[in-house]
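Visitor: Hi, could you walk me through this one? I'm new to reading structures.
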Amino acid sequence: MATKAGDNPDSLMTLATVFCLRNLRKTMCYQGLRDKLFLRSDIFLPSEICDKLVNTYMELVHTDSNFEPEEGFFQLFSDPRSTRLTRVQLREDFVRDRDLDAIKKQDLIELHLTYCNSLSSRSLKTLTCFRETLVSLCLFGCSHIFYRKGGAPLACNEDSEDEEEESPASRQAIETDFNFQGFNRLRLLNLGGLPDEVDAEALLKPLKSLTSLDLSHVQLLGAAFLTQWKDRLASIVLYNVDLSEELVNTMVELVNLRHLDISRESRRTSKFKMTRKILTAIVQRLVSLVSLDISGHIMLDNCTVPHFEEAMGRPSIEPCKSSIYPFQELKRPLQFLGLYDTTLCNVTHIPAYKVTGSKNEDQVLNAIEAYTEFRPELAHRAINQLFDIARIQHCSQLLRALQLVIAALKCHKYDKSIQVTGSAALFYLTNTEYRNDQSVRLRREVVQVVLNGMEQYQEVTVQRNCCLTLCNFSIPEELEFQYSRVNQLLLKILEPARQDESIQRIAVHLCNALVCQVDNHHKEAVGKMGFVKTMLNLIQKKLHDRMCDQVMEFSWSALWNITDETPDNCQMFLNCRGMSLFLECLQEFPDKQELHRNMLGLLGNVAEVRALRSQLLTPQFITVFSNLLDSKADGIEVSYNACGVLSHIMFDGPEVWSMEEPRREKVMEKMWDAIQSWDVSSRRNINYRSFEPILRLLPQNISPVSQHWATWALYNLVSVYPSKYCPLLIKEGGISLLEKVLELESSHPDTKDMARKVMEQCETFKEDPMETNHGQEVNYGQRG
């Protein structure tokens with residue numbers, strides 16, 4: 001059988017790593033004094049495992065809200081005799097000076113710190129501990145690391161924990177004592193976002209062997225210092241660095257460059273014009289070049305071949321056919337060419353295997369892939385273009401598109417623009433058109449990042465996009481693995497008294513779907529989260545506004561579902577003034593059939609709980625139920641449910657009927673008349689998971705009318721939907737109970753007649769189980 005997109009399982013190493021991180025005290029560690037975590041003395045972990053533990057830990061902290069960060073986690077890796085770290089990737093404000101200090105004895109080869117704005121110059125001192133081994137260092141977006149806390153000098157107060165609590169805003173004194181002296185093995189360095197106050201030339205001067213340098217967003221006072229690496233430098237990134245003639249002349253002196261990035265965020269911010277002469281010089285002088293990014297630059301028209309002179313045939317990557325004049329001099333196609341936000345991406349023949357741009361889906365996906373990690377501002381725009389492709393056209397690289405958007409949402413959990421565009425793109429990439437090609441694993445990843453977005457942002461657009469995306473999933477089945485979390489988030493959305501109407505409507509719909517067709521323990525758990533109270537608050541607000549809309553109807557439907565066979569939730573409904581709201585809704589909206597059906601279905605659930613029935617046994621409520629027996633709303637549903645409520649109340653016997661009006665006998669007469677008026681072939685807007693509450697009304701002589709209602713219900717269901725309800729009735733022992741109905745002298749002749757017909761129907765079904773004589777059932781909600 002063909003596998004679906006994204007169906008590759010996690011490796012055993014990944015599964016074991018995650019398990020250990022979630023269960024540190026049961027696997028690798030023990031808890032010492034003051035709850036401090038210690039590595040077990042009999043454990044030695046090689047670098048492959050330690051690196052995986054630390055990097056996976058960071059991923060879980062940022063992407064899994066159920067994962068609890070461990071105080072002192074990095075201290076577990078403080079001793080290189082028992083743990084070996086070599087390649088570490090840390091990101092965001094979560095990382096503190098003390099975390100880096102904890103691993104200072106390790107012989108790190110790679111250290112990538114990205115957007116770690118909680119780090120101060122104390123961590124620069126820690127960096128010097130790695131100077132003899134470090135080959136690759138990234139400090140992208142860690143601008144605060146070059147500032148002292150409270151003006152303290154670099155080597156002062158090394159072990160103080162008090163300074164940890166200071167906010168980044170307090171860091172004003174620039175660190176002047178640090179440079180890269182002694183980092184002799186350092187080859188790859190990323191200083192993207194280096195503060196303007198830091199002199200890049202002086203900082204970098206001690207480094208003799210750099211082969212890769214990233215100075216994105218860095219203000220360069222001069223460029224000549226770059227030539228000190230002209231024989232070694234293979235990669236240089238100058239994204240959003242203001243180009244000048246001097247800088248371009250310096251670039252073409254770096255003759256061993258294989259990757260050159262002089263791109264910008266946008267043409268709107270560019271004063272420099274990319275000419276044919278400049279591009280030609282780059283191609284002619286940098287003969288080893290395999291990757292070039294010139295995105296965001298204004299291109300002069302003389303760079304491109306006129307359309308009528310372009311080579312004929314399909315788009316080609318052969319340099320000789322290039323639609324961009326300077327690239328005709330390439331010896332071979334480039335591996336990568338960044339043309340995002342330039343006019344060049346629209347030409348026919350581009351001599352590169354991978355091109356970023358906005359002309360087509362492939363270019364857009366390449367842009368998302370290339371720019372997500374360090375350029376969220378570009379990734380955001382590219383994802384927005386992917387959104388248009390998925391919405392208006394058709395996404396042909398579905399797996400890649402989904403994986404890239406998921407990666408962007410994970411990487412930039414705190415970037416609102418990425419969350420807005422990413423969640424919008426996911427809505428279209430997971431809809432019916434694409435869902436059959438997606439694996440369970442992939443769709444679960446989508447759910448995870450959507451819930452992350454809902455958790456992080458209360459902003460209307462993100463919440464709406466995330467809720468709409470969840471509507472593309474089979475509920476509750478595809479959300480059950482995050483059942484508690486998704487319910488908590490939806491209830492949080494519905495908490496505010498005045499919420500955006502569209503979000504409110506979608507969230508209530510999701511809440512209703514989540515409590516339909518789930519086990520009772522799920523319903524009980526959600527009830528304890530405040531589900532019942534939240535729904536009743538929404539109903540109260542709609543009553544105040546005198547509005548019966550979808551939110552009102554869905555709220556009652558959700559209450560109907562969550563109270564099914566869950567006495568605790570029924571009790572909550574009564575405790576939270578549910579019956580008062582029922583009466584008010586009935587009075588305010590006398591003609592709303594769907595509303596009446598949902599409310600009566602819910603009260604049927606309450607009436608099934610013997611301990612709660614006494615609260616329904618009041619003159620006011622009995623009169624209301626009795627009057628609703630005559631209702632023709634929604635076919636027979638309102639009348640049927642009202643009769644069900646009364647049937648359970650009658651089953652408690654005449655001794656509990658303490659009121660004078662209405663009289664018990666009179667109400668029972670109305671119940672008989674109502675049942676006689678119903679068409680037994682009526683199709684139903686109801687879904688029974690169990691017949692137990694009906695079956696308990698069969699073998700008794702306390703209330704023949706209750707017995708008659710129960711028998712009629714069974715006859716209707718097994719006649720109209722035999723393939724579903726005959727097996728259920730047989731499985732739950734209904735046949736033997738119907739036989740007892742026939743034996744009881746108190747059973748009404750009509751009741752006995754119907755009981756026989758139910759038994760005959762089930763017998764016929766056993767003989768011919770393929771019979772589906774009345775079509776399929778319509779499931780509007782769970783049985784109330």
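Guide: Let's begin with two helices: the axes of helix H21 (residues 567–575) and helix H23 (residues 593–607) come within 9 Å and cross at roughly 115°. Axes here are lines fitted to C-alpha atoms, for helices over the stretch in contact, with angles from 0 to 180 degrees between N-to-C directions. Helices (H or I, at least four residues) and strands (E, at least two) are DSSP runs, numbered from the N terminus.

Visitor: Which residues of H21 and H23 make the contact?

Guide: From H21 you have Cys 570, Phe 573 and Leu 574, and from H23 there are Leu 602, Leu 603, Asn 605 and Val 606. Contact means heavy atoms within 4.5 Å.

Visitor: Before we go on, what kind of model is this?

Guide: This is a predicted model, where local features need pLDDT of at least 70 and side-chain atom pairs count only at pLDDT 80 or more, while totals for chains, interfaces and linings use all residues. Residues are numbered from 1 along each chain as its sequence is written, and side-chain values use heavy atoms, leaving out hydrogens and water.

Visitor: OK, new topic. How many aromatic pairs are there?

Guide: The structure holds 25 of them. Rings of Phe, Tyr and Trp (its six-membered ring) pair if their centres lie within 6.5 Å; planes under 30 degrees apart are stacked, over 60 edge-to-face, and the rest tilted.

Visitor: Why is the pair of Tyr 57 and Phe 67 called edge-to-face?

Guide: Their ring centres are 5.6 Å apart and the planes sit at 80°, so the pair is edge-to-face. Tyr 57 is in helix H3 (residues 47–63), and Phe 67 is in the loop between H3 and strand S3 (87–91), 10 residues apart.

Visitor: Is Tyr 57 buried or exposed?

Guide: Tyr 57 counts as buried, at 1% relative accessibility. Phe 67 counts as buried too, at 7%. Buried means under 20% relative accessible area, exposed over 50%, and partly exposed in between (1.4 Å probe, protein chains only).

Visitor: Which residues do ring pairs link into a cluster?

Guide: Tyr 57, Phe 67, Phe 73, Phe 74, Phe 77 and Phe 94.
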